[in-house]
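Student: Please take me through one part of this model in detail. I would like the strand pairing and what surrounds it.

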Amino acid sequence: MANNLYLTATEERSGKSAVLLGVMQMIMKEVGRTAIFRPIIDDHVFGRTDHDINLILQYFNLDTPYEDTHAYTLSQARQLITSGQEELLYNNILKKYKKLEADYDFILCEGTDFRGKDPGFEFDLNANIAANLGAPVLLVASGRDKNTNEICAHVHISVDSLQGMNIDITGCIINRVPESFIRDTAVNTWCRDQFGGEFPLYVIPENKALGRPTIDDVKRWLGAEVLYGKGSMLNLVDNYLVAAMQISNFLTYIKEGSLIITPGDRSDIIISSLASRISSAYPNISGILLTGGIEISPTVQRLIKGWTGIPVPVLYVESHTFDTVHSVNELYGHIEPGDERRTATALGWFSRYVNVMELGKRVISTRSSKITPRMFEYSLVEKASQNKQHIVLPEGTGERILTATDIILRRNIAEITLLGKEEEILAKATSLNLNIEGAHIIDPINSEYYKDFVETYFELRKHKNIVRDVARDRMSDRTYFSTMMVHKDLADGMVSGSETTTAQTIRPAFEFIKTKPGVSVVSSIFIMLLQSKVLAFGDCAVVPDPDAQQLAEIALSSAETARIYGIEPRVAMLSYSTGSSGSGKDVDKVIQATEIAQALMTERGLNFPLEGPLQYDAAFDATVGKLKLPGSQVAGRATVFIFPDLNTGNNTYKAVQRAANAVAMGPVLQGLRKPVNDLSRGCTVQDIVYTVALTAIQAQVAKNGRDKNA
């Protein structure tokens, strides 16, 4: 029987979607195959997909067919109950659920949105469904628009009602609470104590970035046409400003995040609004909404079209201003699958205020023995955030770097330092509508560290005939400067390469970070996220033609690196033959490297399976492995693949990446005393986020090692 959980709110606009994201991530970190099931969806859904189901399916790349994820609309459920067919309702919901249960290890069920006219009916409906599915309930109560006493009373009544219906409560989350509730610790403690520790209770404060709509939300809600500024549709709307007065008066009312609503014939308001967005003297508006079905005059259109880079979106609707304002006041923010900033904020906010480990133990009774790609990705972020490290990103003005920084800070993955001129970085972030307030910014040449770094580099490299002028040039280079920050313990790790070559990224580390004691060669692995498994490939980026000793060192380093990321190492030393089936110089090198590696394992007290030579298919495929090397601990079960040279490794990882549609994380450099990692120049924002997380985990391990040796 699959494990399950029923997540239900107590009223509308509880922020349940954000909690749903966090809970699903928590589950998928531990369970391989997970499904989303929403017994009752809103009435307006037919003809388009349910928002929360679509969010979970897309964001987590779930394979559950949409038609299997729900059973009835709210109106259909109400009609069946009022007509005396309640048993039919619950039987059909259970039938749908059982279909999922046969194929999945865990089913996360979500209750209704409480958008109907009778919240009491919906509360009882969700409780009865949970009872029929045998699912424990995670209750999401809302603190929105309530004072402390009202919140406590509301939670108490909801819990009593569920317990009165013999519902097993696995936890309670009070979401969207005001700052006053957080400050009022005495009453807050009383609220917790009411339940006698029967289940954990978590409090999540209001986060305006999650409740506020984006311009894209406004567009979809009103069916608006986008005239200009399509690149800024994720701007957050904080308030609505109806512009019906003269410019001199209108400008005094502009606030941060204002959506300006005005008829299309108010050219003066349109132009002044656009001008205010690029003026540092006024707050940043989020967009302009033109009403009344009135098109902008041709002369103003000409002016706007000649404006390089329209700073905000301009939307157009047919409805009159009064009707438009009335409609947008009913709108609230939705988290969309493609909105990386808002999903990152939601996930980071959830993990910050909810004890994920404690809740996870209550929710998940059994764990999968396999590590799936999704489990790996989410456990990576969680592990990095549990002990935050300081990572420096030298390419501080890069658009992808800045976007990734926004996500990293929102998800609490690492502390970030960006290198570059502060005014340039902040201006670029503002133009991209990014929030990097939590990042440190350092301009290398003008920093307090520059002179010391120059002297340090000179002393470290003077035996190589380096003079001070060269040292100054080196420390003016952001890659060298950031690497020196790591060397001097001003940062725990460095990630670069989105704009530079691998050689430029890692050369400074070779010069003065140096290798760990007992390690003779710096190498790399790629973490390969295939559809059904996670593998490590080494070395695919650094050592062109390793000898047998180097190949053995690469194998051991790769196994140890894989282990720190939760991949249990079973190491295959690859060649073009398996066992004793072939011969030749290249095969002999792998045989010798295998023997050296096994001897080093004994010497260093390491314990994991390592075998070679093995062909790739014999290492990867269980059927082939059993045929070619019966009785092997590695054949068909390998998790760490060691290639005999860079030519083979680099081509193979790229072939697997493209042919199998795999995600290749890395290269992760190994063997250095402190972590420095390289990015591909074609990397995505997500690649950067994950590489920072990988680097942070390396830094955690490196620190632990230094502490033990201290």
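Tutor: Start with pairing: two strands pair if DSSP finds at least two bridges between them. Strands (E, at least two residues) and helices (H or I, at least four) are DSSP runs, numbered from the N terminus. The model is predicted: local features need pLDDT of at least 70, side-chain atom pairs count only at pLDDT 80 or more, and totals for chains, interfaces and linings use all residues. Residues are numbered from 1 along each chain as its sequence is written, and side-chain values use heavy atoms, without hydrogens and water.

Now strand 6, residues 169-177. Strand 6 and strand 7 (residues 201-205) run parallel and share four bridges. Val177 faces Pro205 of strand 7. Strand 6 also pairs with strand 5 (residues 137-142), again in the parallel sense, over six bridges. There, Val140 has Ile173 of strand 6 as its bridge partner. In general, strands of a sheet pair through backbone hydrogen bonds, parallel or antiparallel.

Strand 5, helix 6 (residues 148-164) and strand 6 form a right-handed β-α-β unit. Right-handed has a viewing rule: with the strands pointing away from the viewer, the path from the first strand over the helix to the second runs clockwise.

Last, burial. Buried means under 20% relative accessible area, exposed over 50%, and partly exposed in between (1.4 Å probe, protein chains only). Nine of the nine residues of strand 6 are buried, so the strand is largely enclosed by the rest of the structure.
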